[in-house]
Amino acid sequence: MSKSTAVVKASDAVVSPVDPNQITKASKALLSHIKKATAASTAVSKNLLADEESTVAETPIWLTLTTKKHISDTNRLQPSKIVLPNPLNADNESTICIIVADPQRHYKNVVASDEFPEDLRNRITRVIDVSHLKAKFKTYEAQRQLFNDHDIFLADDRIVNRLPKHLGKTFFKSHTKRPVPVVFMKQRERVDGKRVPKPKGPKAKRDPVENVNARPTPEIVAEIRKAIGAALVSLSPSTNTAIKVGYASWEPEKLIANVEKVITDVVERFVPHKWKNVRSFYLKGPETVALPIYQTDELWLDDSKVVADGAEKPEKANIGKKRKAADDNETEEAAAENKDESRPKKKAKKSAASAAAALPESNDDKLDKEIATRKATLRKQKAAAKKAVEV
């Protein structure tokens, strides 16, 4: 596989070491293989309900990124978005559920208004705010029903961090239908590129019904279209990241354009150390092998931590916090003993008699004396009683 060809993206002036020819070969080969495999499995199964075209259309194509070090330190519940030249959910069949900030009535009116496109309105099957979501979908069965009723979930970025508590593991145990954050809040005005400061003085009470601080309808429509068509990047403390970039029913040109866009954006926006931390890119389907797009020659991010052949590898004991603290205490005690031994012997030596006299009498010695006294008294009593019986 050729890795020497470099492509310069004029849009962001970033040098990408990925060979465009390799992306084209991998995309065409993968799409052809999935179509042939689907046709063969449909013919063998002889299932009258099986639809080859729908099966291929629903088969996703994934771009997998492998890095040398973890791409993130924590597991982020909010997926990030990469805008694609060819949107992923452009069909009119997938349904959308929008979770908004209180109150929901304003956003329902926006969706029902004449400014809102009819094709997008028909896809939105539910608009609900956090208060109604918390009240109606408390039980696990209700959450599962909500999960199955909709294909795409969008959530206002002002309340998206509160959703794991209200939606639970039904939504967040996988990345399939995690709510995608959207910006519905009205942006502050700018003058000469700077935000206009808020007026000083006591804050006036805001009526949440009349003033919802929402963006205009055209901006809300643009934000929804951007979110449902974007590629979602879910970061986790791992060296592997998978991003959906298309479907098996697409033409190769559409898939290639999305792959090139995702490769450029994901490295520049999310990968620490950029291309120095990238190990490989692969293209694959749900049940196919991963076709290589790019592989680096440098397997390590920092060569100083690589041990040369024949060199002894430094041993590092697996010491826990408790064991380490105990070892530190033992070291301090040993140091104290050595310090005492180094002092002059005259000061260290004391007579046994003076030491014994200085020590208080122990409770054990007192107890032994009391027991001996009681035994002697009992022996005298027994002897007196025996003589009285004999007489």
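Lys276 sits in the loop that links helix H10 (252-270) to strand E13 (278-284); helices (H or I, at least four residues) and strands (E, at least two) are DSSP runs, numbered from the N terminus. This is a predicted model, where local features need pLDDT of at least 70, side-chain atom pairs count only at pLDDT 80 or more, and totals for chains, interfaces and linings use all residues. Residues are numbered from 1 along each chain as its sequence is written, and side-chain values use heavy atoms, with hydrogens and water left out.

Lys276 is exposed, at 61% relative accessible area (exposed is over 50%, buried under 20%, partly exposed in between, with a 1.4 Å probe and protein chains only). Lys68 is 208 residues away from Lys276 in sequence, yet their C-alphas are 8.5 Å apart.

Now for H10 itself. Its 19 residues span 26 Å from first C-alpha to last, close to the 27 Å expected (1.5 Å times one less than the number of residues). Buried residues in H10 include Leu255, Val259, Val262 and Phe270.

Then there's the largest pocket, with a volume of about 1,100 Å³. A pocket here is an open set of points on a 1 Å grid over the protein atoms alone, with protein on both sides within 12 Å along at least five of seven lines; lining residues have an atom within 4 Å of a point. Of its 38 lining residues, Leu88, Asn89, Thr176, Lys244 and Tyr247 are closest to the centre. E12 gives the largest share of the lining, six residues.

| Class in the lining | Residues |
|---|---|
| Nonpolar (Ala, Val, Leu, Ile, Met, Phe, Trp, Tyr, Cys, Pro) | 19 residues |
| Polar (the others, Gly among them) | 11 residues |

Notes: On a 1 Å grid over the protein atoms alone, a cavity is a set of points where a 1.4 Å probe fits but cannot get out, and a pocket is an open set with protein on both sides within 12 Å along at least five of seven lines; lining residues have an atom within 4 Å of a point. Grid points are joined across faces, edges and corners, and a volume is the space filled by probe spheres set on the points.
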